[in-house]
Amino acid sequence: MRTELERKVLIKKNLGAGLLLLLLLMVGNVLAGQEEAAAGTLNNGLGALNGWLGAVLFFDVFPGEAQFPFIVAWLVAGAVFLTVKMGFINFRLLGHSVAIIRGKYSRPDDVGEVTPFQALTTALSATVGLGNIAGVAIAIGIGGPGATFWMIIAGLLGMTTKFTEASLAQMYREIRPDGHVMGGAMEYLSRGFADLGWKGFGKGLAILFSILTIGGSLGAGNAFQISQSLSAVKQQIPYLQQEPWIYGVVMAILVGVVIIGGIRRIAHVAEAIVPTMVAIYLAAAGWIVFSNAERVPEVFALIVSSAFSMEAGMGAFIGIIVQGFKRAAFSSEAGIGSAAIAHSTARTPYPTRQGIVALMEPFIDTVVICTMTALVIIITGVYDANGQHAELIASNQGAALTSMAFGSVISWFPVVLSISVVLFAYSTMISWSYYGERCWTYMFGERWSMIYKLTFVLVVVAGSIGSASAVLDFSDLLILSMAFPNMFALYALSGQVKRKLNAYLEKLRSGELDREVGRG
């Protein structure tokens with residue numbers, strides 16, 4: 001028997017789903033007749049916003065002709081600082097991370113909403129997506145094979161950044177009376193800085209982070225996913241070339257059905273989708289790489305030599321580094337603060353423990369999956385800006401370019417890749433909807449969360465009609481801008497994380513953690 005509260009919640013969800021479907025049908029009818037005008041308005045609006053954000057947060061910090069945006073430098077410096085301060089735990093604790101994920105240290109009475117593994121897959125579902133498929137292709141198309149090297153370096157450094165923000169998310173999370181968790185950068189910015197005596201400054205940064213996350217969820221976590229996945233699906237379903245809004249409406253309905261259920265439903269869906277789609281994608285990439293095993297040493301030599309090439313001058317060299325770090329940041333989201341929201345919900349008695357779980361994210365996402373994508377693109381040669389795929393590179397159609405790379409070796413694989421692309425986009429969108437919803441709730445309260453959810457699914461439709469270049473620029477700007485307030489917290493609160501880490505490692509070495517779960 002359902003309680004009165006459960007019945008009310010169910011009625012609200014059903015009403016929300018019905019309203020959502022009605023709005024989508026209305027939007028679809030409008031777009032069917034005015035798609036061109038809507039696309040022009042959207043692209044013009046994004047172009048103006050991109051120019052403003054670029055001027056404020058992406059100013060050049062490198063002297064001379066080379067362009068090194070402030071935000072990218074901010075992320076690089078922070079990742080190096082944290083990796084050194086935490087004693088290179090990104091390498092030392094990978095084995096322990098696997099043990100935690102397998103449930104070795106889990107207990108039934110641990111407090112939280114989801115398991116450590118579900119929190120990891122939810123965070124991975126947001127990061128393992130089109131950044132791995134489309135983003136890598138775009139980085140190599142613009143920066144050449146050398147961008148791959150800097151992408152890997154950024155991924156390795158980002159492991160410590162992700163550890164730090166996930167640990168802080170657990171340290172400063174709030175368990176609300178209804179059992180829901182409110183946690184993430186907005187919490188450790190406001191509450192953590194209050195502990196340091198910087199309450200007003202921390203609150204201001206928390207609000208800024210929330211605004212940027214809401215925007216990032218609608219851009220990078222939504223419109224970008226739709227735009228790039230649509231570019232791949234169009235290759236298999238030509239009808240969508242003329243009527244792209246249909247794809248947007250279908251995806252919006254599928255997304256809306258899940259996100260209305262909150263983090264538990266999102267975590268269950270992510271737990272089912274992520275391992276499967278990663279396995280399919282890596283199996284195909286592995287087949288191409290191993291089929292060309294004799295070329296792999298040559299490709300790695302090209303990646304390394306191109307990464308340090310000065311043939312085109314200092315500006316081009318810095319450009320390669322920037323492309324690698326930008327795409328790695330977009331792909332793994334290390335330093336952005338988004339994944340901290342998912343990790344705050346994990347059931348664990350030790351904040352450091354979930355931080356160690358979070359180490360695996362950039363490793364799986366960037367070091368493994370992005371590298372495999374890069375190898376396929378370089379081996380097949382589709383990245384050549386002067387080749388037959390120059391138009392795809394120029395228009396930032398990364399997903400379509402990767403599809404061409406796979407299809408040049410496995411003729412039927414673009415069909416499978418199109419399915420994988422849709423799954424990647426879908427899983428990323430449902431996780432980012434949660435990130436945006438938590439920040440919206442932080443600012444306006446639980447009662448207004450449905451407004452955000454309805455807005456999110458409407459943007460799914462809008463993303464299907466915007467140009468890929470405009471959406472890509474908007475996504476880059478917003479998601480990287482989130483690092484500005486978040487990295488302030490990681491710098492300022494890193495001492496507290498370090499103390500928690502030392503205490504945890506002492507318990508691990510003494511065997512106390514094993515005894516807690518009856519293994520010592």
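## Helices and threonine 161

Helices (H or I, at least four residues) and strands (E, at least two) are DSSP runs, numbered from the N terminus. Threonine 161 is found in helix H7, residues 146–171. The model is predicted: local features need pLDDT of at least 70, side-chain atom pairs count only at pLDDT 80 or more, and totals for chains, interfaces and linings use all residues. Residues are numbered from 1 along each chain as its sequence is written, and side-chain values use heavy atoms, with hydrogens and water left out.

Threonine 161 has a relative accessible area of 3% and is therefore buried; buried means under 20% relative accessible area, exposed over 50%, and partly exposed in between (1.4 Å probe, protein chains only). Leaving aside residues up to four places away in sequence, threonine 161 touches Ala79, Leu82, Ala334, Gly335, Met487 and Leu490. Contact means heavy atoms within 4.5 Å.

## Overall composition

The secondary structure of the protein comes to 24 helices and 2 strands. Of the 520 residues in the protein, 58% are buried. Among contacts between residues at least 6 apart in sequence, 84% join residues at least 24 apart.

The protein exposes about 19800 Å², and carbon and sulfur atoms supply 65% of this area. Accessible areas come from the Shrake-Rupley method with a 1.4 Å probe; for residues, only the protein chains shown count as cover.

## Helix H5

Helix H5 covers residues 116–127, which is 12 residues. From its first C-alpha to its last, H5 reaches 17 Å, close to the 16 Å expected at 1.5 Å a residue; the expected span is 1.5 Å times one less than the number of residues.

H5 is largely enclosed by the rest of the structure, because 11 of its 12 residues are buried. The buried residues of H5 are Pro116, Gln118, Ala119, Leu120, Thr121, Thr122, Ala123, Leu124, Ser125, Ala126 and Thr127.

## Aromatic pairs

A search of the whole structure finds 19 aromatic pairs. The rings of tyrosine 281 and phenylalanine 424 have centres 5.7 Å apart and planes at 70°, so the pair is edge-to-face. Rings of Phe, Tyr and Trp (its six-membered ring) pair if their centres lie within 6.5 Å; planes under 30 degrees apart count as stacked, over 60 as edge-to-face and the rest as tilted. Tyrosine 281 is in helix H12 (residues 263–291) and phenylalanine 424 in helix H20 (residues 413–444), so that the pair links distant parts of the chain, 143 residues apart. Tyrosine 281 and phenylalanine 424 are buried.

The rings of tyrosine 350 and tyrosine 504 have centres 5.5 Å apart and planes at 70°, so this pair is edge-to-face. Because tyrosine 350 lies in the loop between helix H15 (339–343) and helix H16 (351–358) and tyrosine 504 in helix H23 (residues 483–510), the pair ties together parts that are 154 residues apart in sequence. Tyrosine 350 and tyrosine 504 are buried. One aromatic cluster is formed by Phe70, Trp74, Phe81, Phe193, Trp198, Phe201, Phe484, Phe488 and Tyr491.

## Nonpolar surface patch

Val80, Val84, Phe88 and Phe91 form a nonpolar patch on the surface, with about 380 Å² of accessible area together. Patches are made of residues with over 30% relative accessible area and no salt bridge, with like charges joined within 9 Å and nonpolar side chains (Val, Leu, Ile, Met, Phe, Trp, Tyr) within 5 Å. A salt bridge is a side-chain nitrogen of Lys or Arg within 4 Å of a carboxyl oxygen of Asp or Glu.

Valine 84 is in helix H2 (residues 70–85) and counts as exposed at 52% relative accessibility. Phenylalanine 88 lies in the loop between H2 and helix H3 (89–92) and counts as partly exposed at 42% relative accessibility. Phi of phenylalanine 88 is near 55°, a positive value in a residue other than glycine.
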